[in-house]
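Take each task in turn before you read its solution.

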Amino acid sequence: MAVPKNLVLHLYRHWEVIEYLCRLSRELPAFEQFRVLAAIERFSSQANQQAPAEVLRSLCSADLLQPLSRSEDLQINPLVLDFVRGLTREHELGLSAVLKARVEAVRDATRQLADGIEQQGTDSMRTGAARLSELFRQIAQQLDQDRHAILELAEKAKSSDASMPIARRYRSVLDAYDQYVEPMNEMMDSGLGGTFYPHLELAVQTLDRAEEYLSIRGALYTQRLQLRQVAQQAKELRRLGRVVAQQCADTLLPLREEARQHNALSTAISELLGLVRKRGLKTVLRNKSRVGALPGWQRERRTRIHLGDETRTLMAEAQYFEPQMQAFPEAVLGDPADLNVWVDERGLRQILAQALPVENLLLWLQQHNPKLPDAVLLRLYHDLVREPDWQAQLLLQETRTDLQIVRVSYHPHRLLPLSATKGGA
C-alpha cells in the first residue's frame, strides 16, 4: 500500500518523467522497463546524481509505477494518472450515459431529501443533502473534463496532416458529436424532453424548502448553512452545464458542418494554441526547443511593392536633415547667502509688526521693497511666514502676483498679531 506523503514527494521530484509517461499512456497502456529508463535519462538533470535504475526503483517503491501481473511491464498508478491528467488537462472524453446516470441519481437524492422533510427526519435530510453535494461535484468535474477533452479533439483534428483525407481527419470529431454532444443537448433541453434542468430545479426548490423547515424548527446554523451551500452548487451547476453545452456545440459543429481546408501554417498554429491552453503562454515560449518556427507559404500570384512619392520625399528630408541651433537662456544665479546685503531684516520685522494685521504678506513686501530681486523677495516671504512673533493664516483662494521677472501662483498668507488671536479664542 502506498504511503501518501512518500508518493507526493516522489511525484514532486520526478514530475517531468510522470507527466511524460501520462501523455504516453494514451497510446501505450503499459511500458517496458527500457522505455521508462529512457524517459528518466531524458529528463534527468546534472544536479541529480541518481542512476536511472535507482530512480526507477524509487518510483516503484513509492507506488507511482505498478508492475503488471504476469509481466515485467509497468503501468502508472490509476490514482496518479487521473491526478496528473486533471492538472495537465489531458482528459479522455467521458460517456454521456455516465452523465445521464448521475443526473438521474440527483432525482433520487432529491426524493430522499423530500421524504426527510415530510417525515421530519433530520438524518434523512442530512444524508440526501450530502448525496446531492457529491453528485453535483462529480457532474461539474465531468463537464469540465469533457469540455477540455472536446477542445483537445478539435485541436488535434485541426493540427493533423493537411494531406490526410477529410473523413479520416475529422472522424473523432464526428464520433464525439454523435455520441456525446447530441445526447447531451437532448438531456439539457429546457423543454419536456430534457432531464438536466428540471432535476436541478427540483433539487433547488427542495433544498430551499428544507432550509425553511429547519429555520422554523430552530435547527443549528451549520445545518442550514449546509443546505444553502448545496443549493448554491446546484445553481452554479446549471450555469456550468449551459456554458459547457454551448461551448462544445460551438467547437464541434463548424467542424461537423464544414471540413475546412488547413494548410501547413494553420496546422502549426492550432498545435501551438493547444499547447498554450494547457501549459500557458510563458511556458510554451520559454521552451523554444519544442516550439519550432512557423512554416511559411508561397502564393502563386506574385505582387510587387514599391515606395510611394510621399515616402520617397520623407526619406529624402530625413537623409539631408540638419538640426537647427537653439539659443538656451543663461543660467540664473541661486538665492543669495545673506539677506542683510539686500535688506535690513531687523528693521523690516519691526515695521511689519507695527503694520499688523496684513492681508497678503507677499503684496506687502512688494509694496515696501519694490527693488528686491524675485529670489530674495520669495526667500524673505518664506522666512517671515515661519516667524513665531505673529500668527500666519493660509487663505483658501488662489492668487497670482507679477514680480519683476516671474509670475507667482500661490495661496496668500494673512499675518495677525498674537494678542488678537488669543482674544478671538
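Residues are numbered from 1 along each chain as its sequence is written, and side-chain values use heavy atoms, leaving out hydrogens and water.

**Exercise 1.** Find the mean pLDDT of the protein chain.

*Solution.* Start with the term: pLDDT is the predictor's confidence in each residue, from 0 to 100. The chain has a mean of 78, and 81% of its residues reach 70 or more. Next, look at residues 259-263, where pLDDT stays under 50. Where pLDDT is low, the predicted coordinates should not be read in detail.

**Exercise 2.** Work out whether Asp-63 is buried or exposed, and look for a salt bridge.

*Solution.* Then apply the cut-offs: buried means under 20% relative accessible area, exposed over 50%, partly exposed in between (1.4 Å probe, protein chains only). Asp-63 is buried. A salt bridge needs a side-chain nitrogen of Lys or Arg within 4 Å of a carboxyl oxygen of Asp or Glu. Asp-63 has none, and Arg-57, its nearest side chain of opposite charge, is 15 Å away.

**Exercise 3.** Describe the salt bridge between Glu-359 and Arg-414.

*Solution.* Their closest N and O atoms are 2.9 Å apart. Glu-359 sits in the loop between α15 (345-355) and α16 (361-368) and Arg-414 in strand β6 (residues 413-417), so the pair ties together parts 55 residues apart in sequence. Glu-359 is partly exposed at 48%, and Arg-414 is partly exposed at 24%.

Definitions and conventions
This is a predicted model: local features need pLDDT of at least 70, side-chain atom pairs count only at pLDDT 80 or more; totals for chains, interfaces and linings use all residues. Contact means heavy atoms within 4.5 Å. Lys and Arg count as positive and Asp and Glu as negative; His and the chain ends are not counted. Helices (H or I, at least four residues) and strands (E, at least two) are DSSP runs, numbered from the N terminus.
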